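Subject: Structure for your review

Dear colleague,

Please find below the structure I am handing over to you. My findings follow directly after it.

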Protein chains: 2
Amino acid sequence: MRVKKLDLSTSGVRVVVLNDEDASKLNLYGLDRVKIKKRNRCVIAILDISDGMVKKGEVGCFKEVSDSLNLKNRDEVKIEYIKKPRSIYYIKEKLDGKVLDKPKINEIVKDLVEDGLSEIEVTYFVSGCYRNGLNLEEVSNLTKAIVKNSKRLKLGKKVVDKHGIGGVPNNRTSMIIVPILAAAGLIVPKTSSRAITSPSGTSDTMEMFSNVDFTVKEIEKIVRKTNGCLVWGGTKELASADDKLIKIERPLSLDPEGIMLASIMSKKFSVGAKKLLIDIPVGKTAKIKNMKKALHLKNRFINLGKKLGMKVKVLISDGRQPVGNGVGVALEARDVLRVLKNEGVEDLKEKSVLMAGIILEMSGFKNGKEKALEILESGDAYDKFKEIVKAQKGKVREIKLSKIKYDFKSSKNGKVVSIDNKMINQVCRILGCPRDKESGMYLDVKVGNKVINGQILFSVYAKNRKKLKESLGLLKKVIKID
Amino acid sequence: MRVKKLDLSTSGVRVVVLNDEDASKLNLYGLDRVKIKKRNRCVIAILDISDGMVKKGEVGCFKEVSDSLNLKNRDEVKIEYIKKPRSIYYIKEKLDGKVLDKPKINEIVKDLVEDGLSEIEVTYFVSGCYRNGLNLEEVSNLTKAIVKNSKRLKLGKKVVDKHGIGGVPNNRTSMIIVPILAAAGLIVPKTSSRAITSPSGTSDTMEMFSNVDFTVKEIEKIVRKTNGCLVWGGTKELASADDKLIKIERPLSLDPEGIMLASIMSKKFSVGAKKLLIDIPVGKTAKIKNMKKALHLKNRFINLGKKLGMKVKVLISDGRQPVGNGVGVALEARDVLRVLKNEGVEDLKEKSVLMAGIILEMSGFKNGKEKALEILESGDAYDKFKEIVKAQKGKVREIKLSKIKYDFKSSKNGKVVSIDNKMINQVCRILGCPRDKESGMYLDVKVGNKVINGQILFSVYAKNRKKLKESLGLLKKVIKID
């Protein structure tokens, strides 16, 4: 067959395309695996069939294939059918409700990371995990397999970490906890996500001050210098298997518990964390809606930690409303700075100090919370934060907000009975978060506060009047007064 | 955004490609649905993200998109996020184990046929059907939805049909039954499959004599002229939804019962069959391995027929060994001709006459089997077959076999206790079936026959000596003598 290079890539999976007639001559079907041979070198690719793209006698090669065999147009290659990889049979077993052992899970993750599985095959795996669940042993093995197939940070034994389950706006504790712990001499290589459906992720917020996108080598360098970092955890080196599973979960918004647990724990394992605090906020409009679900997760995290040789504590926290006052990239960054400079935002400060305190005690400190508070109030944490920002090639600067602002006022006297996290997310997305960094909301009141008619409840910041206008319809649904 | 036409097609699903940076600016993710607008025309496409393929400001358009909007390179188009179609939520419900009602199933099939679902989404649907099953009502609604979204033959009320569940080599009854029934005045627009894992399908065998690939219009014309046809059922007009599901089932070799039933029944419904006979061969090496499974399927077919207003009978037949002597395209065609010319192949003749007889009685004839035998032995069926072949632009010709032949002989005296269907399929695939039409096997003995040492049990035909040699290792596993 003659090579026809296609200017096409799948960001991973190797694909070749044959003409319908050629494929049927070779007894090949779409999605079959084939071996492409050029002299004595070969790669395995997944077959697509399309008459429009290639002529008879041609094999269309996606970039992944051309690159790995160094192909030129009109090169002669051989195409051979090869059997399905073993992992396909294990995926079928999972779909059938069977429990997979360690070698089988390893095989699936290995093929996933090496781009040996098609999207359809990965989808069947996700379906199987979603529908049948994974038991503790399987989650532990899945975690280990993901870790085994990714790079790891090597930073010694004092490494600690924290993780928040998410779903509550702001809640930017990491940017306060990391400097506190690093200042206390612990090692905190914190990797965080960007916003997916929320107004801002820790990585987005940290980006107000510094870069967050580093290689594993660079991260190690930053942490060796400062004891901590606040970087984006999406680097392919650390999370290859994970990224691929998330892509498949998105279309149906699936989030199978077993995969979610393995995803979190594998990241912690990859940064070398020996001690870990998980924050599970519970609230009607948070990700975890009730105590039963929170306790179930707590148990799984702790037991999983035991299997992985990691000491895990779990904090079940109040997720009924945002933590902090600002929501949106810049507004959250301003809250963080205020806490670090001891200028207020009491709930965010309180929660950060509590969590830092627990981790300090897990690491042998006495009176953790007092110690954390002392580090924060002395200014040591702020100094450490500036040090980390500098190591990440940034500079702590004053936060600017959009000038287009609208104050939403109470129309009666009463008490704040609830604040809707989801509604806040929705309003902020309309306002352009996280792309429009200076947009967002600032909450003047929290649940339990008494308010009077005409008092400002919150302010909305927008990049332009059009977006502000679009958001107005939803504003009265954000806070309930009674 | 500027259009960059990609020389690429998916054979259906509309795909556009954006640069990573542009996608993140627009808050778009891979597999999101987007609307592509050119002036006042627009189409919906699924988004792929790839840095290598397109630059900033460009939108890469697959052929399906370029064609439907008549796009030229560097055209200006707008890209907008659109919400997930409702069918996605129904697919999630099925994955969650819920029973889907008629409008929901219809919506899924409609989006499937209109290429509105990505492969990942269809995979979740197949997973849901596989894992949770479909109840009778769902199968009936799925059948109706597939029919609603495909073309139909309109050939009046006398339309009858037959279907074999498969898994038994040869068993080429259709090519004998159709001429018998057509000669008796019934209307038999028979559509068949090609070989997927078997040595030959009815369409492959029929292709020895005539074309089998026709449009719906052409099929109607052939049947109006001759009362019957023997054509390939894979034409997109009749089986669009079906084809797409089968593609997704292949990688894991899934065959969810509900989808299988709907697939068969929708094809029969689409050709307008009012009366239908289903053949379920049972045997250890057949597709249906035991009586319990056969009876379960029988029930489902009959009840499904009732829901669809179709009279259905089910024949549970002997599937322990091939029906007929030849296996492979040409060898099966020769068996068919021999039966039509009253030159032997008793078991194939017997089964065909039995089945034709049942359908004749379902259509009001008395003593169906005798009538069928009479039509066959009088030569009327053969004349009708020649008539159909001619209408399908072919000619009945003598069958040539490969000259490279190997006789496998018994190494002892005894009785044939079993013949392995699967082993025969495997040997024939190695011999090049169905691509090498003149290759295959000819069985000289059947289960129950007495044999003596040195007697030929079967002969193997190959296109070249290499293939013959490759097959030799398996030959002693085909027939068991005791």
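I begin with one pair of side chains: Lys384(A) and Glu387(A) form a salt bridge, with 3.3 Å from N to O. Please keep in mind throughout that this is a predicted model. Both residues belong to helix H16 of chain A, which covers residues 380-391, and they are three residues apart, about one turn of the helix. Lys384(A) counts as buried because its relative accessibility is 10%, below the 20% cut-off for that class. Glu387(A), in contrast, is partly exposed, at a relative accessible area of 36%.

Two further salt bridges, in chain B, deserve attention.

In one of these, Arg172(B) pairs with Glu332(B), and their closest N and O atoms are 2.5 Å apart. Arg172(B) sits in the loop between strand S7 (160-164) and helix H7 (174-183) of chain B, while Glu332(B) is part of helix H13 (residues 329-340) of chain B, so this pair ties together parts that are 160 residues apart in sequence. Arg172(B) counts as buried at 10% relative accessibility, and Glu332(B) is buried with a relative accessible area of 0%.

In the other, Asp436(B) meets Lys467(B), the closest N and O atoms lying 2.8 Å apart. Asp436(B) is found in the loop between helix H17 (421-430) and strand S15 (440-443) of chain B, and Lys467(B) in helix H18 (residues 465-475) of chain B; the pair therefore ties together parts that are 31 residues apart in sequence. Asp436(B) is buried, with a relative accessible area of 7%, and Lys467(B) also counts as buried, at 18% relative accessibility.

Salt bridges also occur as a network, which links Arg194(A), Asp204(A) and Glu207(A). Over all chains, the search of the whole structure finds 62 salt bridges.

Turning to chain A as a whole, the chain has 18 helices and 18 strands. The C-alpha atoms fill a box of roughly 80 × 55 × 45 Å along the principal axes. Buried residues account for 59% of the 482 residues in chain A. Of the contacts in this chain between residues at least 6 apart in sequence, 79% join residues at least 24 apart.

As for its surface, chain A exposes about 20,300 Å², of which carbon and sulfur atoms supply 50%. Chain A carries 96 positive and 59 negative side chains, and the centres of these two sets lie 2 Å apart.

Yours sincerely

Note on methods. Residues numbered from 1 in each chain as written. Chains lettered and ligands numbered in written order. Predicted model: local features only at pLDDT ≥ 70, side-chain atom pairs only at ≥ 80, totals over all residues. Heavy atoms only, no water. Helix = DSSP H or I, 4+ residues; strand = E, 2+ residues; numbered from the N terminus. Buried < 20%, exposed > 50% of the residue type's maximum accessible area, 1.4 Å probe, protein only. Contact = heavy atoms within 4.5 Å. Areas by Shrake-Rupley, 256 points an atom, 1.4 Å probe, with all protein chains shown as cover. Lys, Arg positive; Asp, Glu negative; His and termini not counted. Charge placed at Lys NZ, Arg CZ, Asp CG, Glu CD. Salt bridge = Lys/Arg side-chain N within 4 Å of Asp/Glu carboxyl O.
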